[in-house]
Amino acid sequence: MIKNVLRSLLLVAILGAAPVYAADAPVRVQSLRGETPIDKTPDADMYRQIKDAKPLPRDFVQQPPLIPHSIRDYQVTMNFNKCMDCHGWAKTRESGATKVSVTHFKTRDGVELSNISPLRYFCTQCHVPQADAQPLVGNTFRPGVGLQ
Amino acid sequence: MSGSPFSKLKALAFSGFGIAFVAGIVFWGGFHTVLELTNTEAFCISCHEMEKNVYQEYRNTIHYSNRTGVRATCPDCHVPKEWGPKIVRKIQASNEVFHKVLGTIDTPEKFNAKRAALAQNEWNRMKKNDSQECRNCHHFDYMDYAEQGRRASSTHQRGWQEGKTCIDCHKGIAHNMPPVDQSIGVGKAGAAIDASAQPATPAQTAATVPDGRTGLDASSFGALKSASGK
C-alpha cells in the first residue's frame, strides 16, 4: 500500500517536473536569422558588391559561373534583360563579355533555339554577384581536385 | 530753376525710366522664380502621372540615392541648363500640360502602353544634343580612367574614340526600359528592335515545338501583357 502511494507520488513528481522544467528554461534556438521575430525583417548587412574583377574560378563542377562585377540597377524585366545586352552571342564581339552557355539555348521541350530559352531568362536565379562577406558558418568545403 | 519745362520733362523721363527699371526687376525676378519652381522634383511629382510611374522607378537608382548624397533630380536630366534651350523646352512642355488635361497617361497601363514612344523621344533628344544633360556633370575630358573599373575604363575610351554619346549605351539608367526585342522567346508586341544586335535572327516561335502545342504568338503575347497590366 505504502509502496503504491510512493510509486504514484514518484510518477506525479516525474510527470509534473517535465513541463515545469521546460517553462523554467525555454530552449533558445540561435538561427542565422538571429533573434528577429518572424514578422519583422532583419536589417540588411552592409555589403558592397565587388565592382569589377576578372572571371572567378569555380569551386565545384556544375557551379553556375559567378558574376565578377556589380549588377546594381541592372534590369531583368519582361521588357528588357540587361545581362543579355552584353552576354548575348550577338553582343559579345562588341562587349568582350563571356558568351552565355549554349546549354541555355534548349527549351523544356528539348528544342534548340538561336538564343537563350525563356526558361533561362532570369539569370540571377543561378548566377550571383559577389561581396566581401565572411561565411555565416564555418565549413570545411574544398574544391574538387580537378578544380584546384 | 525747377520751373523750366525742360527740367520737368527730364525729371519725368528719369522717374519713368526708374519705374520701368524697378518693374523690370520685379517682373523678371517673378518670372524666373516661377520658372525655377517648375524646375524642381517636388513640382514634377505633383502630377500623379510622374509620381506613380517614373518617380517610383527612379527611386531605386543611383541618381536618387548614393553614397555621397549628390543627386540628379528630374530637371537635371530632362531640362537643359542653358537659358535658350531651357525656354524652348519649357514651351514644348505645354504639350505635356495638354496631355495631362487629356489624361493620356493617367494610369500605369496607359503609361506602359506609351512607354516605348516616350522613351524614344527622350533618347532622340539626348542623342541630338550630345547628351548635354549627362555631360553637365559627367565630363568625358575629366574622367580618370585609372579610377574606373576595367569594363568602364575600356568601354568609355572606345566609345569616346568612336564618337559615341552617353545615351547610346546608358539607356534606362533612371527608369524602366520599354520593351526591347532581344530575340528571346516569342516576340514582344510593339517592341523596339535591338539595332545593335546584328544580324537579326528571329527566335523560334512556339509553332516549331514538336508536340504541336500552340504557343503564344506576338499578338496574343501583347494581349496577355495588357491584361496583366504591365
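The face of helix α3(B) that is turned away from its buried side carries the exposed residues His48(B) and Glu51(B). In this predicted model, the helix spans residues 48-58 of chain B, and its buried residues are Glu49(B), Met50(B), Asn53(B), Val54(B) and Tyr58(B). These residues lie on the same side of α3(B), because the arc they cover around the axis is only 120 degrees. The cover over the buried residues of α3(B) includes α2 (41-44), α5 and α6 (108-128) of chain B.

One of these covering elements, helix α5, comprises residues 83-102 of chain B and contains Ile87(B). Ile87(B) counts as exposed because it has 12 C-beta neighbours inside 10 Å, and a residue with 12 or fewer such neighbours falls in that class. Between Ile87(B) and Val186(B), the separation is 99 residues in sequence and 44 Å in space, taken from C-alpha to C-alpha.

Across chain B, the secondary structure amounts to ten helices and two strands, and the order of the elements from the N terminus is α-α-α-α-α-α-α-α-α-β-β-α. Of the 230 residues in chain B, 14% are buried. When contacts in chain B between residues at least 6 apart in sequence are considered, 53% of them join residues at least 24 apart.

Chain A, in turn, has three helices and zero strands, and its elements follow the pattern α-α-α along the sequence. Buried residues account for 12% of the 148 residues in chain A, and among its contacts between residues at least 6 apart in sequence, 43% join residues at least 24 apart. The largest nonpolar core consists of five residues, namely Cys83(A), Met84(A), Val100(A), Ile116(A) and Cys123(A).

Although Gln49(A) and Asp132(A) are 83 residues apart in sequence, their C-alpha atoms are 7.4 Å apart in space. With neighbours within four places in sequence left aside, the contacts of Gln49(A) are with Ser70(A), Ile71(A) and Arg72(A), and with Pro129(A), Gln130(A) and Ala131(A).

The two chains meet at an interface in which 27 residues of chain B are in contact with 23 residues of chain A. On the side of chain B that touches chain A, eleven residues are nonpolar, twelve are polar and four are charged.

With regard to confidence, the model scores an ipTM of 0.71 and a pTM of 0.73. The average pLDDT of chain B is 82, and 80% of its residues score at least 70. Over residues 198-230 of chain B, however, the pLDDT is below 50, although this stretch has 51 contacts in the model beyond near neighbours in sequence. Where pLDDT is low, predicted coordinates should not be read in detail.

How values were computed. Residues are numbered from 1 along each chain as its sequence is written. Chains are lettered from A and ligands numbered from 1 in the order in which they are written. This is a predicted model: local features need pLDDT of at least 70, side-chain atom pairs count only at pLDDT 80 or more; totals for chains, interfaces and linings use all residues. A nonpolar core is a set of buried Ala, Val, Leu, Ile, Met, Phe, Trp, Tyr and Cys residues joined through C-beta atoms within 7 Å. A residue is buried if 20 or more other C-beta atoms lie within 10 Å of its own, exposed if 12 or fewer, and partly exposed in between; C-beta atoms are placed from the backbone. Two residues are in contact if their C-beta atoms, placed from the backbone, lie within 7 Å. Ala, Val, Leu, Ile, Met, Phe, Trp, Tyr, Cys and Pro count as nonpolar, Asp, Glu, Lys and Arg as charged, and the others, Gly among them, as polar. Helices (H or I, at least four residues) and strands (E, at least two) are DSSP runs, numbered from the N terminus. The arc is that of the directions from the helix axis to the C-beta atoms. pLDDT is the predictor's confidence in each residue, from 0 to 100.
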